[in-house]
Number of protein chains: 2
Amino acid sequence: MFNRNLRKLVREINSWISSKFVNEPTRCSEIITKDIYNRKFSKYKIQNKITALAAAAGYLSLTFQDKRHVIYADTVQQQDLPKIPLKPELPIYTTDEVSKHITKDTRIWVTFQHGVYDITDFVHEHPGGDQILMAAGNAVDPFWMLYSIHLNSHVLNILERYRIGNLDPKDDHKDVVRDMSDPFANEPSRHPILKPASKKPFNAEAPENILVQSFLTPNEIFYVRNHLPVPDIDPKDYTLEIEIEGKSGNLTLSLEELKQFPKHSVTATVMCAGNRRSEMHKVKPVKGLNWGAAALGNATWTGASLREVLEKAGLSEHELDKYEHIQFEAYDTDTTGSPYGASIPIWKGVDKRGDVILAYEMNGETLPKDHGFPVRVIVPGVVGARNVKWLAKVIVSSTESQSHWQQKDYKGFSPSTDWNNVDYSKSPSIQELPVTSAICQPMNNSTVEVKGGKITAKGYAWSGGGQEIVRVDVSCDGGKTWHVAEFDYHESKKYPRHWSWTLWSCELPVPKGTENMEIIVKAVDSSYNTQPESFENIWNLRGVLNNAYHKIYVNLK
Amino acid sequence: MFNRNLRKLVREINSWISSKFVNEPTRCSEIITKDIYNRKFSKYKIQNKITALAAAAGYLSLTFQDKRHVIYADTVQQQDLPKIPLKPELPIYTTDEVSKHITKDTRIWVTFQHGVYDITDFVHEHPGGDQILMAAGNAVDPFWMLYSIHLNSHVLNILERYRIGNLDPKDDHKDVVRDMSDPFANEPSRHPILKPASKKPFNAEAPENILVQSFLTPNEIFYVRNHLPVPDIDPKDYTLEIEIEGKSGNLTLSLEELKQFPKHSVTATVMCAGNRRSEMHKVKPVKGLNWGAAALGNATWTGASLREVLEKAGLSEHELDKYEHIQFEAYDTDTTGSPYGASIPIWKGVDKRGDVILAYEMNGETLPKDHGFPVRVIVPGVVGARNVKWLAKVIVSSTESQSHWQQKDYKGFSPSTDWNNVDYSKSPSIQELPVTSAICQPMNNSTVEVKGGKITAKGYAWSGGGQEIVRVDVSCDGGKTWHVAEFDYHESKKYPRHWSWTLWSCELPVPKGTENMEIIVKAVDSSYNTQPESFENIWNLRGVLNNAYHKIYVNLK
């Protein structure tokens with residue numbers, strides 16, 4: 001039920017809090033109460049103020065030294081949380097002491113409930129990467145409310161290994177945590193077929209065999225990749241801001257105004273960079289959501305052409321050399337109030353053949369909440385992470401987005417790069433994705449009936465950058481023989497704007513008496529790029545770009 | 001010494017011959033003599049009429065049934081040829097009889113000197129592919145004069161296996177062949193460092209370690225890939241014709257007129273589709289020139305923009321949907337008089353970011369004869385075969401070039417496709433090339449001195465389609481550890497117009513006591529496509545697209 005740009009609100013909250021308490025931060029907890037909050041910010045008509053408060057809290061946690069009591073106040077609901085044990089044999093620390101430990105040199109401390117932890121040696125192993133440092137010297141509780149993947153005994157057991165003490169009971173912020181509302185309370189309902197890789201934020205994919213039943217993926221089973229809580233936006237109040245750096249007077253469009261632009265449709269596959277991560281993870285553990293092979297989907301997206309909107313905002317052809325990137329900012333924000341953000345190279349957004357759409361429809365229906373309602377950007381041929389949902393702002397710029405997701409995530413590295421030597425500045429942000437394919441039917445480890453000495457495999461193949469799939473090879477004898485698959489759904493002659501996946505099927509001969517077999521698939525695209533054979537040599541610490549040959553094992557009957 | 005469009009001439013010759021002899025082809029040999037020829041065609045001022053005659057002969061050989069005596073007449077010089085043995089024990093056939101055997105059903109017969117051969121069972125093994133069928137029912141002699149790779153005892157031995165008879169002495173065309181001039185007599189001189197893969201037509205590459213000494217490859221050591229004899233064109237008489245299908249009035253430009261267009265330069269790597277074929281050949285034999293890893297080069301090409309020339313010819317933006325391809329025809333022609341030809345998708349030629357150039361300079365010098373003097377097309381990011389040299393004609397068309405090289409060559413297939421089941425219509429013509437890399441220094445099987453426990457490897461990496469090389473990984477322990485190479489020469493921030501190769505170097509640690517090692521390289525491009533690990537799974541019958549990991553073996557001292 002966000003009906004304004006959350007960032008604006010958070011900024012205003014923080015500015016107000018800062019001006020009031022900058023010299024007396026410890027008094028925050030006494031002052032920021034539900035009533036005061038409502039009085040001060042009632043103009044925003046925020047029905048679910050909790051999320052805004054949580055966001056503000058994140059900001060404050062970086063602004064003030066002692067802020068444990070600041071923000072959750074009595075505005076939040078009770079929630080059951082795992083309980084960590086008391087360890088009376090360990091020393092007691094105050095929040096003041098904890099807050100001094102925020103760098104490697106001073107050691108990095110955090111608290112959870114009444115526990116104090118030195119996580120310095122864990123930072124490099126944190127599946128969420130550097131984001132853990134947002135809690136340095138502070139409580140992880142509010143972050144874990146946002147990233148509820150932490151709320152299980154496995155994670156708590158890991159955390160306990162780093163336990164060094166107990167929080168001074170005077171500083172215990174137990175109530176705060178208990179009282180914090182769930183920022184995910186207003187998420188949309190989802191189709192039960194979606195198998196979550198994480199519930200909060202919601203990330204889920206359909207079973208592979210369901211996915212490849214149709215060329216256009218039904219909205220309900222389209223994979224969902226949310227980095228943060230889904231913002232709840234009233235379309236009547238929605239605005240999209242267009243900024244061209246160095247020009248005064250940004251263009252602001254309402255949803256209705258955006259819909260006045262000529263309506264364009266593009267059918268495009270959107271895929272997560274982490275699709276098939278679970279396969280790479282088996283070779284050697286990686287960090288990230290444990291995606292199967294269904295973190296992608298193909299849909300017809302309808303909306304305004306980004307190119308035409310930028311023209312309207314005053315971007316002219318002869319100025320293009322001044323800029324290099326188009327940044328997108330979203331309405332979903334992290335605990336610091338920073339919006340989700342990403343950018344694409346400018347040529348992609350201004351090229352007629354780029355087909356970048358500011359979409360408000362998906363497969364002919366209003367864009368669903370989980371897919372960016374009311375407006376998301378569709379960047380065909382480019383990794384899902386740049387297809388920013390809940391689009392708030394477009395910035396034509398000389399620089400890339402500085403967001404975490406553009407700078408410190410969604411990049412590829414050498415197999416020999418680990419968390420000790422990784423330098424994110426050395427790799428480019430992922431844009432176009434490499435060629436890939438997967439067998440979706442039969443499913444891995446299933447039992448298949450052999451008919452007439454044959455079984456049929458089905459799956460998808462896709463390549464980024466508008467490349468067309470030109471061949472899919474399937475083998476059931478370890479690569480000795482390759483069978484060329486038939487294309488069941490394939491758009492031809494669209495290269496270099498071949499944005500949709502190809503759905504294929506292939507009849508495979510089964511030698512008599514065979515009880516089980518491995519099936520392998522690889523695809524070739526129109527630049528004759530093909531897939532690497534195995535994950536060993538493309539392994540990367542974040543587990544992205546998992547495009548090695550897809551292999552499944554089936555039992556035969 | 002062609003000083004006119006050879007095709008025009010051949011067409012006129014053939015039209016004249018047809019009108020005169022269509023009902024009495026056997027009289028051709030009595031009539032087409034040097035004198036008559038000179039009288040009829042003197043207006044063309046052809047100094048080396050031999051090639052034109054040979055071309056006309058090829059045409060005739062497809063037009064008339066009995067044509068052995070038609071064309072070589074007394075215009076040609078003597079030449080030493082291998083002699084095949086007489087086999088009096090075999091039957092005698094007339095040229096009439098031979099000419100009836102032109103399909104699999106009737107068996108495919110050819111003659112060479114006075115031998116008659118049934119080559120039906122050899123067609124699929126012919127290294128030159130289907131081209132052998134141009135000689136069906138006819139003499140291979142004139143073709144072998146053009147493709148002199150045949151003129152050795154190894155090939156003659158193979159041919160003799162298929163011997164079924166002797167040519168009727170009355171029809172023996174020995175004199176014709178003996179008298180045929182060498183169409184390669186006027187080839188330019190070449191730098192002795194170029195190692196020929198074939199001499200006629202000339203195909204050669206430099207040693208790899210020389211190649212990677214400079215970012216811009218010197219013209220003299222730039223690989224040469226000629227499909228036919230180099231035409232000898234007088235720049236004063238050169239014309240380039242531009243046809244837009246469905247429009248009357250082609251645009252014809254002289255070299256001077258072409259030079260009046262704004263001058264554009266583009267630095268681009270041009271690579272043969274068969275580069276590194278010798279490595280694939282080791283896995284399982286393939287057909288084609290046995291290229292090493294140096295069938296590529298990087299140069300600055302200067303000329304007119306194809307886009308601007310097409311605009312001048314009347315092609316307007318709103319008409320583009322009517323066309324799909326831009327065809328290129330060359331001044332070099334095969335024995336049938338057909339020009340070398342190729343085509344590219346129209347978007348590549350009309351896109352500002354396509355950077356397609358009608359080049360008349362190479363690295364600041366006049367385009368050398370071997371590289372297309374006076375004008376060739378440079379299609380950055382696209383396989384060498386479409387970078388047509390000695391450019392005669394550009395055709396904006398709804399169809400692809402129908403040339404042999406576009407339709408029956410330069411295509412990729414599954415490893416399980418062989419000469420018995422290949423269907424060329426099933427694969428797209430190669431355009432953009434996939435990502436590749438090679439170690440050029442040290443050379444394979446060389447001995448390297450270890451200094452300070454290390455050796456240094458150097459090489460190139462490149463990807464088609466304007467993709468930038470973003471990482472080069474080198475391993476000397478079989479892929480257990482990957483060292484990220486430094487870029488010695490690399491153009492950055494040019495994506496998606498990153499046409500030049502990247503030259504890299506990498507220090508490799510050598511464990512004490514190591515006597516020899518294998519070094520492996522793989523590259524990653526800006527779409528994060530990477531190379532396939534081995535040749536087994538990308539093997540294809542023509543031996544193109546050889547982009548598996550490059551491996552070399554070195555001895556250490």
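**View 1. An open sheet of 3 strands in chain A, ordered β7-β8-β9, with antiparallel pairing.** Welcome to this predicted model; we begin with the sheet. At its edges stand β7 (195-198) and β9 (224-225) of chain A. Each of these edge strands has a single partner strand, so one side of each is left without a neighbour in the sheet.

**View 2. β7(A) alongside β8(A), joined by 3 bridges.** Here β8 of chain A covers residues 203-205, and the two strands run antiparallel. For a handy landmark, look for P196(A), which stands opposite A204(A) in β8(A).

**View 3. Chain B laid on chain A, with an RMSD of 0.4 Å.** The superposition takes a turn of 179° and a shift of 0.0 Å along the axis. The two copies are thus related as by a two-fold rotation axis. To find that axis from the side of chain B, go to P532(B): of the residues of chain B, its C-alpha comes closest to the rotation axis, at 2.2 Å.

**View 4. The interface, where 39 residues of chain B are in contact with 39 residues of chain A.** Two strands of chain B, β23 (469-475) and β27 (516-525), each supply at least two residues of the side that touches chain A. β23(B) gives the most to this side, with 3 residues. By class, the side of chain B that touches chain A has 18 nonpolar, 14 polar and 7 charged residues. What surface do the copies use to meet? They meet through the same surface, because 100% of the interface residues of chain B are also interface residues in chain A.

How values were computed:
Residues are numbered from 1 along each chain as its sequence is written. Chains are lettered from A and ligands numbered from 1 in the order in which they are written. This is a predicted model: local features need pLDDT of at least 70, side-chain atom pairs count only at pLDDT 80 or more; totals for chains, interfaces and linings use all residues. Copies are superposed by least squares on the C-alpha atoms of residues with pLDDT of at least 70 in both. Two residues are in contact if their C-beta atoms, placed from the backbone, lie within 7 Å. Helices (H or I, at least four residues) and strands (E, at least two) are DSSP runs, numbered from the N terminus. Ala, Val, Leu, Ile, Met, Phe, Trp, Tyr, Cys and Pro count as nonpolar, Asp, Glu, Lys and Arg as charged, and the others, Gly among them, as polar. Two strands pair if DSSP finds at least two bridges between them.
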